[in-house]
Amino acid sequence: MKKVRWGVIGCGGIADRRTLPGMMKAENAELVAVMDVNPDFANKCKEKYGAKYCFTDEASLLALDEIDAVYIATPVFCHKKQAFAAAEAGKHIFLEKPVGLDVEEAKEIASFCEKKGVKLGVGFVMRFHSFHRQMKEIIASGKLGDVVSARAQFTCWYPEMPGVWRQDRSKSGGGALMDMGVHCVDLIRFITGLEITEVSGMVGNQVFKYGVEDAGAMLMRLSNGATAYVDANFNIPDDAAVCKLEIYGTKGSFFCEGTIAQDEAGTAILRASDDSAGYDASQSRSSAETVSLTGGGGNLYTKEVEAFGKAVLGECDIPVPALDAILSQQAVEAAYRSSASGAVVKL
Ligand SMILES: NC(=O)c1ccc[n+]([C@@H]2O[C@H](COP(=O)([O-])OP(=O)(O)OC[C@H]3O[C@@H](n4cnc5c(N)ncnc54)[C@H](O)[C@@H]3O)[C@@H](O)[C@H]2O)c1
């Protein structure tokens, strides 16, 4: 089997926790080099994952002819510089979300990669959960009827830590909504196949007083007229949240718990009903056919690395192209503008 030879830029955070372990199991991936500004992280990952090289500067990694593609998993404020350098060096790029500090920067990255003829994919890993893929297919088949409403929630407990890049808007581009809520927005777009046309947002700092919001909520209009709601919190204890995802249509609904996560876990229940045929004054809820989706339990990170690898090898389209990912970031940015102005923002 043909393999993609990978370099990893920023190997000490999500790369070490999730993506590198996932990459190790990807059939079409070969790890060649790792790089981190922190030499301890670079050395540790070289040993742990059997990379041939480790570096503390990206130029040395990008100079290697032995590398076809890079995975960039650095703080968001580093994405533009490193993506431009990788594109200039002719390497395909798998870039962590959000693409850039803001939509304008994200678009600059996407156009530069296009100009240089390198493929740019984005790490919206939750699109690879088999339940989310099944839900997308079932909705496309018409079994849920017209989507009329969607809700998604992603939270964690993230207290103040001085000097941390995620708590500084100039380094992260945003807080709970941009870091976590953007996954929810992206999943709603991916699963329903609908685009966001209007956004109303509220963000604030209720518990933690750092430089990004510790909680935010978005109310959205989807392109078929449906409404959608996303909330993301840095101030809910991990054990207190189940990260629900709900999609309702005129013929049924999906109700998921714990699928918005870094593991391919949780439950997804389909309730299909023919109630739309007529009005039932008693609003009986007992006739729905209930099915639990099955087939989870894989490694999301292996799947996303393999899928981008296939695109690099010319075997398929880019699984999450940058211009698609940017639409999810654009909706979150609109929520920030709406929160500041108090007005609904049209996209
Ligand atoms: N898809 C997901 O599941 C997921 C989860 C977490 C984070 N992320 C994204 O991954 C990216 C990194 O987040 P994180 O949580 O791993 O952050 P982190 O701070 O935990 O780790 C970032 C790593 O990058 C290194 N680094 C910092 N500046 C660097 C530079 N200039 N060059 C090279 N390395 C540098 C740090 O030393 C650290 O090892 C962000 O874009 C974030 O949104 C995605």
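**Close-up views of a predicted model**

**View 1. The ligand shell.** In this predicted model, 21 residues surround the ligand, the closest being Gly 10, Gly 12, Gly 13, Ile 14 and Glu 96. A residue counts as near if its C-beta atom, placed from the backbone, lies within 6 Å. The shell holds 10 nonpolar, 7 polar and 4 charged residues. Ala, Val, Leu, Ile, Met, Phe, Trp, Tyr, Cys and Pro count as nonpolar, Asp, Glu, Lys and Arg as charged, and the others, Gly among them, as polar. Residues are numbered from 1 along each chain as its sequence is written. Local features need pLDDT of at least 70, side-chain atom pairs count only at pLDDT 80 or more, and totals for chains, interfaces and linings use all residues.

**View 2. The open sheet.** 6 strands line up as S3-S2-S1-S4-S5-S6, with parallel pairing. Strands are DSSP runs (E, at least two residues), as are helices (H or I, at least four), numbered from the N terminus. Two strands pair if DSSP finds at least two bridges between them. S3 (53-55) and S6 (120-122) each have a single partner strand, so one side of each lacks a neighbour in the sheet.

**View 3. Strands S5 and S6.** S5 (residues 92-95) runs parallel to S6, joined by 3 bridges. Leu 95 stands opposite Val 122 in S6.

**View 4. Two domains.** Domain 1 covers 4-125 + 301-318, and domain 2 covers 127-297 + 329-346. These bounds come from an automatic or database domain assignment. Their centres, taken over C-alpha atoms, are 27 Å apart.
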